[in-house]
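Please consult it alongside the sequence and the coordinates.

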Amino acid sequence: MECNRRNNISDESPALRRIQTLSLHLYRPSAHSSSGELSLLPCRARPPLSASVESLSEYIRGPHREIQLRVFEFFQSRPDLHTPVEISMADHRELCMKQLTALVREAGVRPFRYMVEDPSAYFAVVEAAGGVDISLGVKLGVQCSLWGGSVINLGTKKHKDKYFDGIDNLDYPGCFAMTELHHGSNVQGLQTTATFDPITDEFIINTPNDGAIKWWIGNAASHGKFATVFARLILPLQSTSGNPSDMGIHAFIVPIRDLNSHAVLPGVEIQDCGHKIGLNGVDNGALRFREVRVPRENLLNRFGDVSRDGKYTSSLSTINKRFAATLGELVGGRVGLAYSSVGVLKIATTIAIRYSLLRQQFGPPKKPEVSVLDYQSQQHKLMPMLASAYAFHFSTLFLVSQYSQMKTSAALDDELVGDVHVLSAGLKAYVTSYTAKGLSTCREACGGHGYAAVNRFGALRSDHDIFQTFEGDNTVLLQQVAMDLLKRYKEKFSGGTLTVTWNYLRESMSSYLSQPNPVTTRWEGEDHLRDPKFQLDAFRYRTSRLLQSVAGRLQKHSKTLGGFGAWNRCLNHLLTLAESHIESVILAKFIESVQNCPDPKTREVLKLVCDLYALDRIWNDIGTYRNVDYVAPNKAKAIHKLTEYLCFQVRGVARELVDAFDLPDLVIRAPIGMPSEAYEQYTQYVGF
């Protein structure tokens, strides 16, 4: 029969002859053909990746792991300071204050001193404290970063000399009174006033109406003795016209409780904001001031001062410049939230992945049940999230490093300052939003057991939720990123320079926005798709196209709608632009961290995780790439298939990847997230 098939070839068309010739090699494959004919080679299975937990952990841990271990070991030795699953709001508040006091006075950990002298060490302490109880991490942040930070960063030497030790040793617990009932994000719209009285040399702090009541003020309801109050500075003698002058928003130190008796001081009214969705260990309160007098020296006067005769002086010429400088000194809170949010994501992914490895459900007929994490759907939920946790880890470490450099440099670097301000806004918004969604996904991935309070997802989700809106609403912060990108875009065409993080925009406007190469748009090989250059180019192309298109839309709509109307018309476009840029920064830092890893095997594992992060993001926005023909249909399909395969590969090292986070049982706490004997611990908890 085979011989007849050969004889008939000459009678057929050339195309059919080629098909028949190829079919011969399928019927009769040979590894080594003496006739020179094509032959099939046996498939070679890829060896499974192996990951060393020790090597991974050593590479990814931050520079201050020893401080974090000190925090963990202290709380491990003090069961009386552990937060129980069920606790009342009043008890939680008192426990949280005891935890903070014990950390400072008994363990000897001084986070405020770290914040001033070594910010990266401070953020490591905040992350560790948040691992013990997120309420503790936030209360610590209110005391050190907000209250203490405002005194140090907005005040001058006299304020540091007077208040530093008391803030550091907790003798002076304090508040950060910025938000009002009617105004949060729009700080320039605050209504609280501070009117200078030239006769007594005092400022009179006043709440003019209910809308100006300071609201959601941490530490106010129970423990705070001082508040940094943001108010409009009113100077009766500044103007030559005889009318009082409004000099804009300034910060004032206002005592709110007696240092000895803890009684609320005259003129100050304090109410409790009550039970919240989460973070009930933090005592949020509302403050009203009725003609409260404070000495002139209580003005935090780094950017503007008032003389004894009631005249105003400042090195900054306008209200807007002074306002920008004031808020610019408060970015440390955003840095801390971004960094701490990654810590929460690590806890959640660790619990969900360990449980998914342990939990077995269904399987092939007459075969053992399989791990839930062996199901493609579970891998699709959790493996990109694990990759994101690693990506965020490296990008927030970079942010902390940049912030620390900014705060400790002797000379002011305007480029670095601008970079940190916008990057902190973008990463805080992007990371906290992702973590909030990820917590719900992890809860669902753990089924019914994920709903048990003891398994942490409910508390983690509720406590972390506010990360999206305090220290700057995420939607507002993303607009700041977009606004800065548009500013850079304009500067680029004016011949200006770009800061390091934005450097890629210099090339992008010409190279990235040129017509896509019709050949590369169709390349679908794995080597190409896993090439960091392709991945980063794709991210940056998207950002550059979004930037160019939104700039054109804003210019068009501003002619008929004005600046505000045009911005609002393009707002969703602007938010997408900001997120795209932040994703580009995150990927660039991830790629850089992979390439800098000294151990080849660890680098190979991190490269796999990085590839998954990049291709999953590209696939999630594949419509954008298809709409502009940056990716052809066959390439889009290849990206989807490879993403699924990378999820499968990451699943093979998922246990090692979460173990490398090196989170102690004290932090994980959830029985289903324990590295061993999870079911036994779970049943013991309920009483068996």
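1. Helices (H or I, at least four residues) and strands (E, at least two) are DSSP runs, numbered from the N terminus. Val85 lies in the loop between α4 (65–76) and α5 (89–105). The model is predicted: local features need pLDDT of at least 70, side-chain atom pairs count only at pLDDT 80 or more, and totals for chains, interfaces and linings use all residues. Residues are numbered from 1 along each chain as its sequence is written.

2. Val85 counts as partly exposed because its relative accessibility is 42% (buried is under 20% relative accessible area, exposed over 50%, partly exposed in between; 1.4 Å probe, protein chains only). Together with Tyr685, Val686 and Phe688, Val85 makes a nonpolar surface patch of about 470 Å². Patches are made of residues with over 30% relative accessible area and no salt bridge, with like charges joined within 9 Å and nonpolar side chains (Val, Leu, Ile, Met, Phe, Trp, Tyr) within 5 Å. Accessible areas come from the Shrake-Rupley method with a 1.4 Å probe; for residues, only the protein chains shown count as cover.

3. Helix α11 (residues 332–358) has 27 residues, and its end C-alpha atoms are 39 Å apart, in agreement with the 39 Å that it should span at 1.5 Å a residue (the expected span is 1.5 Å times one less than the number of residues). Of these 27 residues, 26 are buried, so α11 is largely enclosed by the rest of the structure.

4. The structure holds 34 salt bridges, each a side-chain nitrogen of Lys or Arg within 4 Å of a carboxyl oxygen of Asp or Glu. One of them joins Lys346 and Glu127 (4.0 Å, N to O). This pair links distant parts of the chain, Lys346 being in helix α11 and Glu127 in helix α7 (residues 119–132), 219 residues apart. Both residues, Lys346 and Glu127, are buried.

5. Asp616 forms a salt bridge with Arg617, with the closest N and O atoms 3.7 Å apart. Asp616 counts as buried at 6% relative accessibility, and Arg617 counts as buried at 6%. A network of salt bridges links Arg542, Glu583, Asp616, Arg617 and Asp621.

6. How many disulfides does a search of the whole structure find? The search finds zero, a disulfide being a pair of cysteine sulfur atoms within 2.5 Å. The cysteine sulfur closest to that of Cys442 is in Cys446, 6.8 Å away and too far for a bond. Cys442 is buried at 0% relative accessibility, and Cys446 is buried with a relative accessible area of 1%.

Notes:
Heavy atoms only, no water.
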